[in-house]
Amino acid sequence: MKNKFKPLSVYLHIPFCRKKCNYCDFLSAPADDETIRAYADALSVEIAAKGEEIGEGYFVKTIFIGGGTPNILPAHSIGGLLDNIRSSFNVDASAEITMEMNPGIYDFGDNGKGRDELALLKAKGINRLSIGLQTNLDDKLKTLGRIHDHKAFETMYAQAEKAGFENINIDMISSLPGQTFEEFKEDLKRTVSFGSKHISAYSLIIEEETAFGRMKRDELDLPDEEEEYRIYCYTREFLEQNGYKRYEISNYAREGYECRHNITYWKSGEYLGLGLGSSGLLNEIRYTVTEDLKAYIANPVNNYRECTDLTEKDRMEEYMFLGLRMTEGISLKHFEECFGISAWEIYEKPLNTYISEGFLEKEGDRLRLTEAGLDVSNEILSHFLLDIV
Amino acid sequence: MGISEDHIRNFSIIAHIDHGKSTLADRIIEKTGLLTEREMQDQILDNMDLERERGITIKSQAVRTVYQAKDGEEYILNLIDTPGHVDFNYEVSRSLAACDGAVLVVDASQGIEAQTLANVYLALDHDLEVFPVINKIDLPSARPDEVAREIEDVIGIEAEDCPRISAKQGLGIEDVLEAIVNRIPAPDGDPSKPLKALIFDAVYDSYKGVIVFVRVMDGVIKKGTTVRFMATGAVDEVIEVGYFGAGAFIPCDELSAGMVGYITASIKDLKETRVGDTVTNNANPCTEALPGYKKVNPMVYCGIYPADSAKYQDLRDALEKLQLNDASLVYEPETSIALGFGFRCGFLGLLHLDIITERLEREYDLDLVTTAPGVVYKVYRTDGEVIELTNPANLPDQSEIEYMEEPVVNAEIMVNTEYLGAIIGLCQERRGIQTGMEYIETTRVLLKYTLPLNEIIYDFFDALKSRSRGYASFDYELSGYERSELVKLDILINREYVDALSFIVFKDNAYDRGRRMCEKLKDEIPRQLFDIPLQAAVGGKIIARETIKAYRKDVLAKCYGGDISRKRKLLEKQKEGKKKMRQIGSVEIPKKAFLNVLKLDEE
C-alpha cells in the first residue's frame, strides 16, 4: 500500500533574468515578455505530458522552481504551473515547495507590486523561498553585476516575512574580487542578522564562459589562497556559532530546515526535471532537456539533449560522490542493500587510505568526510570514480 | 643493363646546422626532374614528421636522380643526406662511407662554424673529394668573398671559383650539379669481382620487413642472390633490390659496383643486419670484409620506463626496431624501486635522447617516464675492480670507492668577439679549462676548451645559444677520462629515497645543485593533501630541503538543478590529471618531472 507510490522531486527551470551577472554561467538570459509567455505555455505542455507518462506511480515530495530569476514570471503564471503540477501528479500536502527569487525585479515596498506577488505565491502553495543576496555590500553587488542594491534585498526580505514565509534561504558568495577577510566577517554578520532558516554559502568560482572568466586574473584581484581559506573556515565557524548546522559542503540550516529537495539529489533519489536545460533522474536514466530555447518552445515534450542509462558502476560512483557531500555521510548497510556488495569491496583502497589519513571517518554504519575531508572534497571524491574493469 | 660506373656520382651534402643543406638537396631533386615543382614538398628528404617540425635532419636519407649534364651525357646522382647536429656525427660518418665526394655548404653570412669544420674533417677522414658551395647569397648580410677567403684560410680548400648560390631562390643550382659531375670522382669498383657491399643504414617496414641500404663496392647483387652478412654470418636470399626514389623504394633488376640502393631479404631476426657490416655472395664470397664503422660509444645514459608497466614488452620491441637503423642506441633492462621495470639506454647526446624518446612516443605510441640523463663514470673500487657506472643508483658505498673518473671532451666553440666574455664565463662555470683561442677573423674567435661531459649534457647548448644570442656554435668530441671529486646526490620525497632521481655531481657543486633540485621539484610536483618534505642528501647527510605545502581547500560548491553529469565531468577531469602522474610512495609525481629537474639553467 505504502509502496505503491515512489517519492519524486520536481525541478522547474525558469531560464530568464533581467541581466546576466558577471559570475553566472547558468542557463539563463534576458528575454521579451512574449518569449516568456510562450515558454510558460510550453512548460505547461511538458508538465501535462510528463504527468500522463509517469504521474501515476509517484508521490511528489518536493518542488523546486529555479532559475535564472523565476520571479521574472508573474506570480499568477507560477501559480498556474503549480496548479498544472497538482492536476498531473499526486502532490504531498506537506510537500516542500521552493521558489528562487532575486531582488530588483519589482518594488517590494509596502505599496509595491511585490507585496501582492508574494501573497499570491504564498496562496498558491510556495512555502520556501531562496533569495539571492550574494553580498551585503553595494560596491561588491555592483562588481558582481547584480541589478539591485542592498536596500532592495532588505525590503524584499522584510516583505517576504510579512507575507508569512518563514522558511527562507539566503544565497551568499564569498571570496569576491577585492574582498578582505575583515570585510567578509562583517558581510557574513549582516547576512546572519536576517535570521533566515537556511544559508547557502559558496566560494566564487570563476567559470570560463562568464564576464569574470573573460577578464585577466590580476584584473579580478581575487583574495589569495590563504585569505580564501580563512574566509571559508570562518564561514563554517561563524554560522555554526549562530545555530546553523552545516549539513552539506556549502549548505547550512537551522535544525529541521535542511532543503529536502537538494537532499534528493545527494541521496540519488528520483527527480523530474522540467523546462529548458533541466536534468532529471528517473528509472536509472539520467537526462538533460535541450538547451535550445526555440526548439524547446516548439517541442517541449521529451526533447532531450542527453539521455544516459546509468550502469551499476555509475550508480555506485554517484552514490558515493553525492552522498559524501552530506555531513551525515552515507550508510554502508544501505550501500550494500542497493548494490548487493559491500562498499569495502569496491572501494577498499580509497576507504583505507582516506580513513587512515583522517579525511574520512567511520562511525558505526555511517561513513562520512571529516572536516579536513570536506575542505578538499573534490580530490577525495574523484577517487570514488571507478576505473573501467 | 649497363649504367657504366663513370656515369655515377655518389655524394653527400655536409654543413653546419641551418646552413641550407636540406634546401639544396630539395633543389637538386627538383632540378633533375625527379619531382615536378608541384609535387615538391619542402625538405623532401626530411621525411620524419619530427624532422620537418624541428627543421633538422636526424636520419640519413638517400635519393637517386638523373642529371643531363652540359657535356650531353646523363649521370646518375645518388645523394645521401646527412644530419647536421653534433649528436649525429655518427650518422654522418655512416653516410660518408657510402660516398665518393661531398658538397660542403657554407652560409654566406655566417661563414665557417664549429660543425662546418667537424664535418669537413670527417669527410677528409673518409678520403672524400670535398668542394665548397657558398649558400644564401641573396641575404643582405651575405659576404661571399670573405667567406670564400675564410674557407681557404681555415680549411685549406680552394674556394675562389666555387658555386655561389641561393638554394632557397634556386640560384646557381646548375653550377652545383656541374661541379658534382666534374669534381666528384666516379666510383671505381669492379662488377666482375665477388660481391662486396656496405650496409650504411637499415629501416624496418611493416610490409617489407627489414630494408637494408647498401653501397655496392664490387660485384653485382640481384633478386635471388643468396647473400651472407659477413659479421653476423647470417645467410639470406635476396627478395628485392631497388633504388631510392623521392620518398619511395623503386625496385630494379640489379645493383652493380658503384651503385647505391636497397635490398630486402628473408631476414628473420632484426639482429642479423648490422649497419656497417659487409654483404657478400654466399656462393662466391669476397676475401675480406670492408672496414665497417668504428663502434661509437654512447655518451649519455638515462632510464626509460613505460608509464604503464604492462607496456614493458612493447617498449622492448620498439627499442629493438629503432636500434635497427640507429646502432648508436644501446639499451639494457634495469629495475627501479620507484619506476619498476624499464631500460637503461645510452645515447650520443641529449638531442639524440630527445629524438629517441619522442620517436618511441609517436611512432610506437608509448607513454614514457624518462629519468635524468647522466654520463658513464669509472669507479675504481678499493678491491681493485673498475666499474663503468651508467646508473647513479648503482654507485657503491663511499667506503668502497678508491676514486672516480669522469669523461671529458675537447670542445670547439666559434663565437663573435662581442660575446666572448659571456661564453668564457659559461665555460668556467662548467669547470672548463681553456686550451686555445684563435681569431678566425677580427670579429670571430675559435675557443678551445676541455670540459667535463656531465657539465654539458643537460643544457649547455641552450645556455650557449642564449648567452651569445645565437652567435655561437659548438662541437665536441670525447677526449678521455679524468680523475674527479664526485659524489652522489640523492633526493628524498616525503622522506622516501627516490632512486630514479639520484645523480652524480662534482663535489663542490653538490650543495648548490641539491638546493636548486629541491626548488625545481617544488615547482614540478603539484601540491597534495599533505605537506611533502623534499630533501637533497649526500652520503646520508641532508644538504638542502624544501616543503611543498598541502593544499587546504578544493571544494566544488555548486550543485544546481540536479545537474549531476556536470559535477561528474569535473571529478573525471580531476581524476584524469592523475594519469600524468607517477605514484612514489604516497606522493604523485608528474612523469615529466624526472627529466625536468635537471633543467636548472632556464632562468
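The model is predicted, with local features requiring pLDDT of at least 70 and side-chain atom pairs pLDDT 80 or more, while totals for chains, interfaces and linings use all residues. Residues are numbered from 1 along each chain as its sequence is written, chains are lettered from A in the order in which they are written, and side-chain values use heavy atoms, without hydrogens and water.

B:Ile493 is among the residues with the most contacts inside the largest nonpolar core, which has 83 residues. Such a core is a set of buried Ala, Val, Leu, Ile, Met, Phe, Trp, Tyr and Cys residues joined through side-chain atoms within 4.5 Å; buried means under 20% relative accessible area (1.4 Å probe, protein chains only). Strand 21 (residues 401-416) of chain B supplies the largest share of this core, six residues. A second, separate core of 52 residues includes A:Val10 and A:Leu81.

In helix 12 (residues 564-577) of chain B, a DSSP run of H or I with at least four residues, B:Ile564, B:Ser565, B:Lys567, B:Arg568 and B:Leu571 are buried. Seen down the axis, the buried residues of this helix fall within an arc of 155° (directions from the axis to the C-beta atoms), so they line one face. They pack against strand 9 (271-274), strand 11 (285-289), helix 11 (312-323) and helix 16 (377-382) of chain A; strands are DSSP runs of E with at least two residues.

Technical notes:
Buried < 20%, exposed > 50% of the residue type's maximum accessible area, 1.4 Å probe, protein only. Expected span 1.5 Å × (residues − 1). Contact = heavy atoms within 4.5 Å.
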